[in-house]
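Subject: Structure handover

Hello,

Here is the structure for your work, followed by notes on what was found in it.

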Amino acid sequence: MGSHGIKDQVAIVGMGCTEFAEHWDKGADDLIIWAANEAFDAAGLDKDGIDAYWYGTAMSGSSGLGIARPLHLTNKPVTRVENMCATGGEALRGAAYAVASGAYDVAMAIGVEKVKDGGYQGLAGAAGRPPSDGTERTLTAAAMYAMCVPAYGKKFGVDDATMREVLAHISWKNHFNGARNHRAQFKKEVTTETICNSPLMAGTLRVFDCSGVADGATSAIVCRAEDAYKYTDKPVFVKALSFVAGNASGNADPDYDYTYFEEIGAAAADAYGQAGITNPRAQIAMSEVHDCFTPAELIIMEELQLCERGTAWKEVLAGTFDLDGDFPINPDGGLKSFGHPVGASGLRKIFECYTQLRGEAPPERTIKTIERGLAMTQDLGGYPGEMVAMVSIWGNQLG
Amino acid sequence: MRGIIAAAGYVPYRRLDRSTISQFLGSGGGRGTRSVASYDEDTTTMGVDAGRVALANAPAGFQPDALWFATVSPAYLDKTNATTIHAALRLEADLALDFGGAARSAVGALRTALVGGGSVMVVSADVRTGQPGSGDEALGGDGSAALIVGDDEDGPVIAEYLGGASATEEFIDRWRVPGDSASGLWEERFGETQYTPLGQSAWKRGLEAAGVGPEGIDHLVVSGLHARVVRSIVGRLGEAKGAVVDDLTSTVGNVGAAQVGLVLTDVLEKAEPGQVIAVLSLADGADVFVFRTTEAIRGYQSARSVADQIAWGAPIGYGKFLAWRNTLSVEGPRRPAPSRISASVSARSREYKYAFVGSRDRSTGALHLPPARISREGDALDDMEPSPMSEIQGTIATFTVDRIAYSPSPPIVFAVVDFDGGGRLPVELCDLDADALQIGDRVELTFRRLFTAEGIHNYFWKARPAR
């Protein structure tokens, strides 16, 4: 028994990513075609050149028909996956394992979400929830993550005003990065003053502490590493793929204090083991993380071992995670700038790693640390105490 | 000896100052306050709250043989509401019945219990509504009561039933077509002409049956929704008129079906041994009950007295009152309304959903809410025992105010509550002013109606500040 990973066995040879926006004039099918065609073009392939598909969506479709129909695939295997907000990454994980196993030569992952057709603001919850007894918690994700703010401040001796400053810096930083990305939903810098004066949503979290809501689709084509140069001269190699589904004990366990997400810590440790990483802060160039709410990003810094427990707030204020910092976080703008089409977000994060590792980011967004040659993505779905977590590591060189 | 073994009243937390009605409407209102059931309360949930206190006041482990529930404002028709109370109280009684429709049904249930056999918990509850600006709206009140009736062998009787009498007549004084939220009223002087002789007749015969004279009465409860006759008839009850008690209408309002139970409970909580209590109820006739308190009342103290609950009340604005009663339709958060609950899932989780019973790992003691089959400590499978948690208090570990979640009355205040002796639940709070809330505050549980979808009410527990 053991988690061995598939380091250097699989490569991404082409990706696509739509603009993330309130696409009132486009449905899920349009977004799928957009993202798929970009990836086909990047890899020099067409739909018949893909041997198997993985389709990730949380609430915009069901079954493999969700892409087989709009792409008009003929006799292709399509696996539909759903793993809450980690759905997009999970789709790619399945595709990567399929080619690593030798079952297929070339596979494609497509993640999509069309969330703006429901008539509600925000993410209006997953459709098709099973019938229940009505006893489940009813509060929003914003409220659940809001509980982390006073808990973290109290545990690590950070006063309310400083916590506010820390969270505002995270939001400011992600919007600063998103202002340099034409695919982002929000392409404007936002001042910390605006952030701190925006309307309250839950607890002390304000509108600008929460991710936006957008439609979007992303895609990736993978093959075995030895075949990668057939399709591109700049392949991006899988170094680690790690996934943990928590057991939700944080809901029932009086010892859980809302200052840590152990599922993410476990996924990160596993990923570092697969990739042979001993000092992530020095060895990895950047990470895309799940900044659904600003306190989530804060705590994720500690779960990824980018700093000591209880110190991420200082590193945030010191600019460590800024675009020009020692370890850029969300250089593409994150969920804050992109919104969160659930099935697409995980692959969107990988798209930024792919872009930076291939040296294709525009100069105003190219990070200087990318010379380290490794980039990381982190996804989570769920809430403090009950979440799924994914951590992946990508590199532009073998070895 | 047969009589009352335990009594309990429930007065909801909010109070409407009647003077605010005329400030809003330009007319109506009056002096004093009335109690207001929260948006998440109905007659069933209030019945549960009174029933819990009654069980706490009864001998430890007491189980009635039957549960009877009476209200003018039932949460369901065609489906028995008493079964919900039965489940929430975890009763073992083979019989749970509704006495429907009129305020008199509650009085009739009490009469039937007193003259019958076995032990009966008689629960009455009401949410009193009326057209904005009306007397019914201002003078009404919301609340419930639970009286446990039985014989000596069921538990110490605190008030022996000495006897009583009734009178019945058909006349139109107040009426309501099913589904309407307000009653119609005939000119009140006509009703007075009908009620006065009925009351006098029942009073005379009731005292004779009990073997007491009007001079021997220590506490006189006069109850009824016809306020004019309730006042005027006292003068026709001989020497008993000096014993008339506060009927709580200036603070709680007239709680309709629950008024006899609530006021009688308040009297019992203050009574001395050997005192005679007479009740005259005027509702579509007249009913008289005469009790004498026993020595057992000397050591009897309610776990939650009516007087304390009246004192705890906090104000509510008239606009919110109208919204809570659905008189005013108010814009809520733009979130999808919840789906109806599943009958079969609810039946499988009956013990947890209705009675808030968790499970405790026999080997590690780890408490699970909701109940689990595999322990979160030690992973033992199916080695759990049921752990009733509804009467256990807890402490707030952390909390948040959610301004965007769906709620019939936003915002929602949610807290992570750690229960004494183990167990944690993230749970919605109610009956509080969020500004004063702090981590470490103590809370207790209360049975509430979370929402209604497709006509199915979703009942579950919330937490309120411990009082």
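Two strands are taken as paired if DSSP finds at least two bridges between them. The model is a predicted one.

Sheet. Chain A has an open sheet of nine strands with mixed pairing, in the order E3-E2-E4-E7-E1-E8-E11-E10-E9. Strand E3 (78-81) and strand E9 (286-288) of chain A are the edge strands, each pairing on one side only. From one strand to the next the twist averages 25°. Within chain A, strand E2 (residues 52-56) and strand E4 (residues 106-113) are parallel and pair over five bridges; A:Ala52 is opposite A:Ala107 in E4(A).

Helices. Helix H1 (residues 28-43) of chain A packs on the sheet and touches strand E1 (10-17), E4 and strand E7 (216-224) of chain A. The direction of H1 makes about 130° with that of E1(A). Helix H3 (residues 87-100) of chain A runs at about 170° to E4(A). The strands that H3 lies across include E1, E2, E3 and strand E8 (236-245) of chain A.

Domains. Chain A is divided into domain 1 (10-118 + 215-235) and domain 2 (141-205 + 237-395). Taken over C-alpha atoms, the centres of domain 1 and domain 2 of chain A are 24 Å apart. The contact involves 39 residues of domain 1 of chain A and 31 residues of domain 2 of chain A. On the domain 1 side, E1, H3, E4 and E7 of chain A each supply at least two residues, and H3(A) gives the largest share, eight residues. By class, that side of domain 1 of chain A has 22 nonpolar, 11 polar and six charged residues.

Regards

Methods: Residues numbered from 1 in each chain as written. Chains lettered and ligands numbered in written order. Predicted model: local features only at pLDDT ≥ 70, side-chain atom pairs only at ≥ 80, totals over all residues. Helix = DSSP H or I, 4+ residues; strand = E, 2+ residues; numbered from the N terminus. Axes fitted to C-alpha atoms, helices over the stretch in contact; angles between N-to-C directions. Contact = placed C-beta atoms within 7 Å. Domains from an automatic or database assignment. Nonpolar A, V, L, I, M, F, W, Y, C, P; charged D, E, K, R; others polar.
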